Amino acid sequence: MCPDLNPAHWVRRRLHGERHAIVFHLTSGGWLFDSELLPSLSDETLTRRAQRGDAQAFDMLVQRHGPALYRFVARTTPQRTDCDDIVQESLIAAWKALPSFAFRSSLRTWLFSIATRKTADVLRRRAPVVDSDALDTAVAQGPGPVERATDREFLDALGQELGRLPYPARAAWWLREVDGLSVAEIASVLRTTEGSVRGHLQRTRQRLAEKLREYRP
């Protein structure tokens, strides 16, 4: 609560137009943080503020985790048009469900879990079709082992092989190899066991190694 600060002093300086990180909100009697300070706050702090209806805090969480969420959906969703809708629906669902978020997992894992359910709903309605443009964008933007995959022919082959995999295997591979989630986190996202995740990863790695061996450096 910053006990060394005098609230009245900060209010007076704020009213005189000086810029500070913390101001005292007279109507609510609580501390509010300027947008300048938001990027330095932890996910937990931002999430707790968002749970109380702070839209700016939620916007910061979206800025922090949105790109990874989009890359994940782009890799595992059938078409790019679906990707935009899934991400938007996932974030809307997250905002609505945020008051019930109990911090039993990281916020990132929770967001991936919501996106996974939204993606699975789409995949149940459609046969998987890999959007090579979305794949290209996702790989170009995403960190991890696939960063070196800039060759278009390799990207097409990788996309085709991933597109042939069941959704859980495809999602598990992406979350582990690109986003760096632990096996336990992936199990939470996919609502399955850690043993099942390990099985998906092992089979997917073996399949990709076999099918894409001609592209090895």
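**Note on salt bridges, a helix pair and the core**

1. Arg205 counts as partly exposed, at 37% relative accessibility. Buried means under 20% relative accessible area, exposed means over 50%, and partly exposed lies in between (1.4 Å probe, protein chains only). The model is predicted: local features need pLDDT of at least 70, side-chain atom pairs count only at pLDDT 80 or more, and totals for chains, interfaces and linings use all residues. Residues are numbered from 1 along each chain as its sequence is written, and side-chain values use heavy atoms, with hydrogens and water left out.

2. Arg205 has a partner. Its side chain meets that of Glu177 in a salt bridge, 2.6 Å from N to O. This pair links distant parts of the chain: Glu177 sits in helix 8 (residues 167-177) and Arg205 in helix 10 (residues 194-211), 28 residues apart. A salt bridge here is a side-chain nitrogen of Lys or Arg within 4 Å of a carboxyl oxygen of Asp or Glu. Helices are DSSP runs (H or I, at least four residues), as are strands (E, at least two), numbered from the N terminus. Glu177 counts as buried because its relative accessibility is 18%.

3. How many salt bridges does a search of the whole structure find? The search finds seven. Side chains of opposite charge can pair when their charged atoms come close.

4. Helix 10 also holds a pair of its own. Arg198 forms a salt bridge with Glu194, with the closest N and O atoms 3.4 Å apart. The two lie four residues apart in helix 10, about one turn. Arg198 is partly exposed, with a relative accessible area of 46%. Glu194 is partly exposed as well, at 37%.

5. Helix 2 (residues 43-51) carries Glu44 and Arg48, which are separated by about one helical turn because they are four residues apart. Their side chains meet in a salt bridge, 3.1 Å from N to O. Glu44 is partly exposed at 43% relative accessibility, and Arg48 is partly exposed at 36%.

6. Glu161, Arg164 and Arg207 are linked in a network of salt bridges.

7. Now the helix pair. Two packed helices are described by the angle between their axes and the distance between the axes. For helix 3 (residues 55-76) and helix 5 (residues 107-125), the axes come within 10 Å and cross at roughly 35 degrees. Axes are lines fitted to C-alpha atoms, for helices over the stretch in contact, and angles run from 0 to 180 degrees between N-to-C directions. The crossing is right-handed, that is, the near helix is turned clockwise from the far one by less than a right angle.

8. Which residues meet there? From helix 3, they include Leu61, His65, Phe72 and Thr76. From helix 5, they include Arg108, Leu111, Phe112 and Thr119. The contact residues divide into 10 nonpolar, four polar and one charged. Contact means heavy atoms within 4.5 Å.

9. The largest nonpolar core has 51 residues, and Phe72, Trp110 and Phe112 have the most contacts inside it. Such a core is a set of buried Ala, Val, Leu, Ile, Met, Phe, Trp, Tyr and Cys residues joined through side-chain atoms within 4.5 Å. Helix 3 gives the most to this core, with nine residues.

10. Ser105 lies in the loop between helix 4 (80-97) and helix 5. Ser105 counts as partly exposed because its relative accessibility is 25%.

How values were computed. Nonpolar A, V, L, I, M, F, W, Y, C, P; charged D, E, K, R; others polar.
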